[in-house]
Amino acid sequence: MTPRATFASLCCLLALLSVASLLVGAQGIAPTDLLFDPQARHLFLAGRLPRTLAVILTGASLAVAGLIMQILARNRFVEPATAGTAQSAALGIVVLTLAAPGLPMIAQMAGATLAALTGTAVFLVMVSRLPVQQPMLVPLTGLVYGGVIGAAVTFLAYENDLLQFVDTWINGEFSAIVRGRYEMLWIAGLAAALAYLAADQLTIVGLGRDAAVNLGLGYRQVMALGLLAVSVVTAITVVTVGMIPFVGLVVPNIVSRLQGDNLRQALPRVALAGAVLVLGCDLLGRLLRYPHEIPVGTVLGVIGAGVFLWLLNVRPRHAG
Amino acid sequence: MISVQNLSYVTAGKRILDDLSLDIAPGQVTALIGPNGAGKSTLLALMARLLRPDNGRITLDGLDVHRTATADIAKRLAILRQEQAPLGRLTVRDLVAFGRFPHHRGRPTAEDHLKIDTALDQLALSDLAGRFVDTLSGGQKQRVLIAMVLCQNTDVVLLDEPLNNLDPAQVRVVMDAVDHMARDLGKTVIVVLHDLNHAARHATRVIALKHGRLFAEGPAGSVLAETPLSQLYETAFDVLTHNARPMVVAR
Ligand SMILES: Nc1ncnc2c1ncn2[C@@H]1O[C@H](COP(=O)(O)OP(=O)(O)OP(=O)(O)O)[C@@H](O)[C@H]1O
Ligand SMILES: [Mg+2]
């Protein structure tokens with residue numbers, strides 16, 4: 001498929017899914033109701049629309065964050081949710097909640113971002129010392145590292161009776177999203193969009209440090225910028241909707257295979273495909289046991305794991 | 001002009017380059033030769049500010065390469081490394097086009113596109129332009145990287161073993177490009193070569209390194225002679241004359 005055709009089909013898919021997402025719910029809303037029924041209109045504007053926007057913003061920005069993370073780690077098999085970024089963000093909020101209870105959301109967010117930055121920087125330093133001939137060590141290190149931090153979060157939460165809260169950060173879902181609870185996600189979306197301005201720089205950094213220096217890039221500055229984008233996106237999504245696995249892993253890999261790694265082309269497609277995937281899974285979760293919901297994280301876990309295994313199988317040698 | 005002054009580089013407790021001083025003749029091809037492990041790649045990487053020296057300095061037209069903004073150096077000096085990290089899935093044209101990045105910083109002009117086409121053409125890559133580089137053979141990849149360096153259009157070009165992986169016909173393509181850069185474009189080219197006959201044929205001057213020190217330096221004819229070569233590599237050579245140039249044969 002040509003890059004333009006991919007772009008167009010992703011746009012169509014996203015539009016279709018968005019309409020479906022706006023219409024599907026425990027209480028049916030027909031398009032005509034919006035004109036004549038104030039209660040339906042309220043349900044739409046305060047519930048359906050925010051939820052749909054939240055899903056799109058989350059999917060798009062997480063997929064972009066995954067792509068950037070893969071460039072930073074120089075490995076295709078990492079993403080913020082499996083390499084300690086999301087776990088660090090959660091740890092940040094837990095520690096903040098214990099140290100200074102009742103902080104406003106924006107302060108929580110800042111704390112989570114700072115923790116995510118630190119946690120990811122530590123991960124990147126760790127993997128930069130791994131032998132390049134063993135690309136699988138990078139995701140493994142990430143899993144263990146993320147697992148350890150996740151365990152610390154659970155332990156702290158258990159000791160302090162915060163497990164319920166932790167659950168909302170760890171298991172991402174959108175059923176609680178209403179107007180006033182999702183707007184932070186625009187910042188995540190903005191961070192992902194800003195990455196497009198540095199598309200060339202990020203592509204070059206993906207060629208390695210030597211190539212980047214040779215082309216006159218401040219390698220560390222670009223890395224730091226990427227790190228910031230990943231941390232902001234991850235922290236905000238963890239705080240607002242919770243951890244959503246696999247989007248950041250699966251989407252960039254598929255787009256890379258179809259369209260290559262030139263981020264000028266890849267970034268918009270990764271963002272669109274991320275939104276499509278998460279929106280599709282959210283819809284599926286809402287429809288499978290209608291009128292009950294399956295959390296999107298669970299649906300994605302099943303679908304994403306399948307796709308990931310397939311990726312591992314078809315592409316064993318191009319991990320680096 | 002590139003000038004190396006009292007350069008030392010130490011890694012893992014080992015002195016790789018030891019108080020090295022030399023000047024590179026501008027506008028000419030200089031071959032850098034020496035046994036494996038002599039420090040040739042390290043010297044080139046230091047010149048290209050990919051490594052920092054422990055002592056001494058390297059200047060390019062009077063600018064210390066390690067103290068000048070890296071974006072400025074990128075417009076004056078380009079390097080082809082001996083080993084390249086995996087390139088990912090970029091098309092040949094996109095990758096070569098990144099050679100122009102130091103000049104346009106993300107907004108290519110018509111002139112940039114022209115330079116890209118010329119470089120692709122020069123390295124006989126026009127037919128491969130739309131291919132993903134991760135699907136190319138080793139020799140094809142090598143030519144793509146050289147095209148990228150050519151595209152960067154810098155006064156100084158450092159090539160570390162550019163003939164790796166190339167068949168004899170492609171060696172020709174690449175060495176012609178090297179000649180073209182110096183002769184027609186007036187660039188200063190430093191090229192690490194293990195094939196001494198290529199050095200004899202294409203280089204005006206030769207620098208020989210051994211154990212991280214300058215072993216010999218001078219016009220190709222004087223360094224590529226029996227006595228210095230036999231001492232440099234600690235193995236015997238015969239040097240004949242062919243087409244008025246030295247021809248080196250292992251004895
Ligand atoms: N990171 C490193 N750690 C330890 N030793 C190193 C490192 N990098 C280079 N060396 C050593 O420095 C010396 C010079 O290496 P360099 O790559 O510059 O040699 P070279 O002249 O380019 O050799 P070749 O012809 O094999 O490419 C070698 O002895 C090498 O083992
Ligand atoms: Mg070398």
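Biologist: Which helix gives the largest share of the lining of the second largest cavity?

Modeller: Rolling a probe the size of a water molecule over the atoms shows where empty space is left. In this predicted model, the largest share of the lining of the second largest cavity, 3 residues, comes from α11(A), and both α11 and α12 (247-259) of chain A supply at least two residues each. The volume of the second largest cavity is about 70 Å³, and of the 13 residues that line it, those closest to its centre are L62(A), P80(A), A81(A), T234(A) and I244(A). By class, this lining has 8 nonpolar, 4 polar and 1 charged residues.

Biologist: How many cavities of 30 Å³ or more does the structure hold, and what volume has the largest cavity?

Modeller: The structure holds 3 cavities of 30 Å³ or more, and the largest cavity has a volume of about 270 Å³. It is lined by 16 residues, of which I71(A), R76(A), G206(A), D261(A) and G88(B) are the closest to its centre. Helix α3 (residues 38-73) of chain A gives the most to this lining, with 3 residues, while by class the lining of the largest cavity divides into 7 nonpolar, 6 polar and 3 charged residues.

Biologist: And for the second largest pocket, which residues are the closest to its centre?

Modeller: The second largest pocket has a volume of about 350 Å³, and T168(A), W169(A), R181(A), V239(A) and T240(A) are the closest to its centre among the 16 residues that line it. At least two lining residues are supplied by each of α5 (105-128), α7 (163-170) and α11 (219-240) of chain A, with the largest share, 4 residues, coming from α7(A). This lining comprises 8 nonpolar, 5 polar and 3 charged residues.

Biologist: Turning to the ligands, which residues coordinate the magnesium ion?

Modeller: The magnesium ion (ligand 2) is coordinated by S41(B) through OG and by Q82(B) through OE1, at 1.9 to 2.1 Å. The pair links distant parts of the chain, 41 residues apart, since S41(B) sits in helix α1 (residues 40-47) of chain B and Q82(B) in the loop between β6 (77-80) and α3 (92-97) of chain B. S41(B) is partly exposed, with a relative accessible area of 22%, and Q82(B) also counts as partly exposed, at 30% relative accessibility.

Biologist: Which residues come nearest to ligand 1?

Modeller: Of the 15 residues around ligand 1, the nearest are I16(B), G37(B), K40(B), S41(B) and T42(B). Turning to individual atoms, a polar side-chain atom of K40(B) lies 2.8 Å from an oxygen atom of ligand 1, and a polar side-chain atom of N36(B) lies 2.9 Å from an oxygen atom of ligand 1. In the case of A38(B), a backbone N or O atom lies 3.2 Å from an oxygen atom of the ligand.

Biologist: Where do N6(B) and N243(B) lie, and is N243(B) buried or exposed?

Modeller: N6(B) lies in strand β1 (residues 2-11) of chain B and counts as partly exposed at 41% relative accessibility. N243(B) is found in the loop between β11 (237-242) and β12 (245-250) of chain B, and N243(B) is exposed, because its relative accessible area of 63% lies over the 50% cut-off.

Technical notes
Residues numbered from 1 in each chain as written. Chains lettered and ligands numbered in written order. Predicted model: local features only at pLDDT ≥ 70, side-chain atom pairs only at ≥ 80, totals over all residues. Heavy atoms only, no water. Donors = N, O, S within 2.8 Å, 3.2 Å for Na, K, Ca; no water. Buried < 20%, exposed > 50% of the residue type's maximum accessible area, 1.4 Å probe, protein only. 1 Å grid on protein atoms, 1.4 Å probe; cavity = no way out; pocket = protein on both sides within 12 Å on 5 of 7 lines; lining within 4 Å. Points joined across faces, edges and corners; volume = space filled by probe spheres on them. Nonpolar A, V, L, I, M, F, W, Y, C, P; charged D, E, K, R; others polar. Near = heavy atom within 4 Å. Polar contact = N/O pair within 3.5 Å; in protein donor to acceptor, adjacent residues only side chain to side chain.
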